[in-house]
Structure formats: C-alpha cells, structure tokens
Amino acid sequence: MSIENNLREIQKRIELALETSVQKGTEINMNGERNVSLVGVTKTIDTARVQELVNLGVTILGENQTQEILRKVPLISGAPSWHMIGHLQTNKVKSIIGKVKLIHSVDSIRLVDELQKQAQNAALVIEILLEVNIANEATKHGFSEQELREAVKYAAEKPNIKLNGLMTVAPYVENPESNRIYFKKMRELFIDINKEFINNINMQNLSMGMTNDYAVAIEEGSNMVRIGTGLFGERFYI
Ligand SMILES: *Cc1c(COP(=O)(O)O)cnc(C)c1O
C-alpha cells in the first residue's frame with residue numbers, strides 16, 4: 001500500500017470513530033471545534049517518505065528522539081509542526097527549545113523545571129502535555145494518576161510553560177478493546193482537571209491512540225492520535 005492510500009484509509013477511520021464518539025457524547029469539543037489531529041510519526045523513516053507525507057497534507061510530525069528532530073527539521077519543506085513524543089532527557093531540552101511546537105512526553109517534575117529554565121532563557125513559552133502512565137506499567141514513563149494533580153499544579157505555576165493537555169501510551173495489546181478502559185480513565189482525568197484548574201492552563205489536547213488502537217481511543221475522547229506504522233508500514237531499526 002502507498003502512503004497516500006494508507007493516509008486516506010486512516011482519515012476515513014478517524015472520521016468514523018469521531019462520529020461514534022459524538023453519538024456517545026465522549027468527544028472533547030474545544031472552542032466549538034470538533035476535530036482529531038493526526039500526528040504522523042516519522043521515527044526511523046527516511047526524509048523522502050517523510051516529505052511525501054507532508055506533501056499529502058499532513059501538517060504535524062512526531063519524533064521520539066531529539067537528534068532525529070534536529071536532523072530532519074532543515075530537510076523537510078512545507079513547514080510542518082514538529083512534536084516531541086518520546087522520553088526527553090533534561091540535558092537535551094536546550095537543543096530542541098524553539099524547534100518543536102508541542103512536547104507530549106513531559107513525565108517528571110525535574111523535566112518541568114528544566115523546560116521552564118530553558119524556555120525562560122530563550123524568552124519563549126513552550127507548550128506541553130503531561131504524560132500519564134495510565135496502566136501503571138513498570139516499563140513506561142509518565143505520572144501515575146495519583147501524582148498527576150500535583151504535576152498539573154506545578155506546571156500551571158511556570159510562566160514559560162503552557163500546559164495544553166494530557167498524553168498516554170497505552171499498553172501493547174493484541175485486541176485494542178483491552179485498552180478502552182484506559183482511554184476512558186484518561187478522558188475522566190482530562191475532564192476533572194479542566195474543571196478544577198483554571199489559571200494558566202489551556203487543556204485542549206488529549207493525545208492517545210496509535211496504529212493499533214486509535215479508533216478505540218477516539219471513540220473514548222482522544223482528539224490527537226499518533227500514527228506511524230499505519231502510514232509507513234513496519235519500521236526497521238538499524
Ligand atoms: C512510535 C510511537 C507511536 C506510533 O506507533 P505506531 O504503532 O507505529 O503507530 C506513537 N506514540 C509514541 C510515543 C511512539 O513512540
């Protein structure tokens with residue numbers, strides 16, 4: 001299958017899942033806009049194929065390594081927004097400040113501190129999501145449900161950070177239905193935080209769902225999906 005065919009198929013499935021969520025009343029409808037953002041995940045993908053995706057109209061690209069973002073940014077035309085979606089080490093923050101539109105994977109207070117420091121030095125405001133380890137997996141990064149409230153409060157007080165929402169990487173499962181309970185929980189957290197905190201945060205993105213489970217994620221309220229394999233096929237790591 002070509003990238004174009006894959007993209008059209010995914011766009012169709014996104015629309016169908018969004019309709020289902022509207023019927024269920026689970027869609028996150030910010031500022032009257034009902035929309036699911038597609039983040040094309042380009043990790044390990046060569047720049048020619050990344051460019052093909054951008055040329056097809058995908059405007060947001062996701063990478064999980066800072067070096068890859070720095071390498072690809074000058075090589076891809078069409079001014080896509082770059083999102084950092086993988087674990088970010090504090091010593092790498094400085095290099096990507098100003099290069100990425102959104103960091104999905106803010107997973108520790110130390111990282112919040114470093115982001116504030118480097119954003120202030122660069123005289124800009126950095127937009128972030130807090131990552132939640134919703135299934136409490138030992139192998140995953142992210143705040144636990146219990147830690148999340150404190151982290152939200154903490155980030156909300158930082159003048160050079162704008163908290164835009166939440167992100168999760170759900171467990172790897174055979175049947176995407178197994179993750180439905182986690183997506184539901186994420187939506188509840190998102191809604192609760194939205195009700196509770198008003199100052200200096202702008203909860204608009206609920207980033208959840210990957211190739212295997214994005215339809216279920218959208219049905220439960222996701223408005224930002226991160227898809228790699230579904231667009232490009234299997235990844236080959238060298
Ligand atoms: C690789 C990756 C994805 C995309 O996964 P696919 O299964 O290839 O769609 C999404 N989110 C994160 C954080 C990733 O690292």
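**Exercise 1. Identify the buried residues of α7, and state what they pack against.**

*Solution.* The model is predicted. Begin with the buried residues of α7, which are Arg180, Tyr182, Phe183, Met186, Leu189, Phe190 and Ile193. Next, consider the spacing. An α-helix has 3.6 residues a turn, so residues three or four places apart point the same way. The partners come next: the buried residues of α7 pack against α1, α6 (145-156), β6 (161-167), β7 and α8. Finally, check the length. With 17 residues (180-196), helix α7 reaches 24 Å from its first C-alpha to its last, close to the 24 Å expected at 1.5 Å a residue.

**Exercise 2. Which residues have the most contacts inside the largest nonpolar core?**

*Solution.* As background, in soluble globular proteins, nonpolar side chains tend to be buried together. Here the largest nonpolar core has 66 residues, and those with the most contacts inside it are Ile103, Leu115, Ile126, Ile128, Leu130, Leu148 and Leu166. A second, separate core of six residues includes Val39, Ile60, Met167 and Met224. To examine one member of the largest core, take Leu166. Beyond its neighbours within four places in sequence, Leu166 contacts Leu129, Leu130, Val132, Leu148, Met186, Leu189, Phe190, Ile193, Met203, Asn205, Leu206 and Ser207. Among these contacts, Met186, Leu189, Phe190 and Ile193 are buried residues of α7.

**Exercise 3. Does Met208 count as buried or exposed?**

*Solution.* First locate the residue: Met208 is in the loop between β7 (201-207) and α8 (214-219). Its relative accessibility is 0%, and therefore Met208 counts as buried. Then list its contacts, leaving aside neighbours within four places in sequence: Thr168, Phe183, Met186, Ala217, Glu220, Gly221, Ser222, Met224, Val225 and Arg226. For one of these, Val225, the C-alpha atoms lie 5.5 Å apart, although Met208 and Val225 are separated by 17 residues in sequence.

**Exercise 4. Characterise the largest cavity and the two largest pockets.**

Proceed to the open spaces. The largest pocket holds about 560 Å³. Of its 24 lining residues, Lys43, Met210, Thr211, Thr229 and Arg235 are the closest to its centre. The lining comprises 11 nonpolar, seven polar and six charged residues.

The second largest pocket has a volume of about 240 Å³. It is lined by 14 residues, with Gln11, Asn35, Val36, Ser37 and Leu38 nearest its centre. Both α1 (3-24) and β1 (37-41) supply at least two lining residues, and α1 gives the largest share, five residues. By type, the lining has seven nonpolar, five polar and two charged residues.

Note on methods
Residues are numbered from 1 along each chain as its sequence is written. This is a predicted model: local features need pLDDT of at least 70, side-chain atom pairs count only at pLDDT 80 or more; totals for chains, interfaces and linings use all residues. Side-chain values use heavy atoms; hydrogens and water are left out. On a 1 Å grid over the protein atoms alone, a cavity is a set of points where a 1.4 Å probe fits but cannot get out, and a pocket is an open set with protein on both sides within 12 Å along at least five of seven lines; lining residues have an atom within 4 Å of a point. Grid points are joined across faces, edges and corners, and a volume is the space filled by probe spheres set on the points. Helices (H or I, at least four residues) and strands (E, at least two) are DSSP runs, numbered from the N terminus. Buried means under 20% relative accessible area, exposed over 50%, partly exposed in between (1.4 Å probe, protein chains only). Contact means heavy atoms within 4.5 Å. Ala, Val, Leu, Ile, Met, Phe, Trp, Tyr, Cys and Pro count as nonpolar, Asp, Glu, Lys and Arg as charged, and the others, Gly among them, as polar. The expected span of a helix is 1.5 Å times one less than its number of residues. A nonpolar core is a set of buried Ala, Val, Leu, Ile, Met, Phe, Trp, Tyr and Cys residues joined through side-chain atoms within 4.5 Å.
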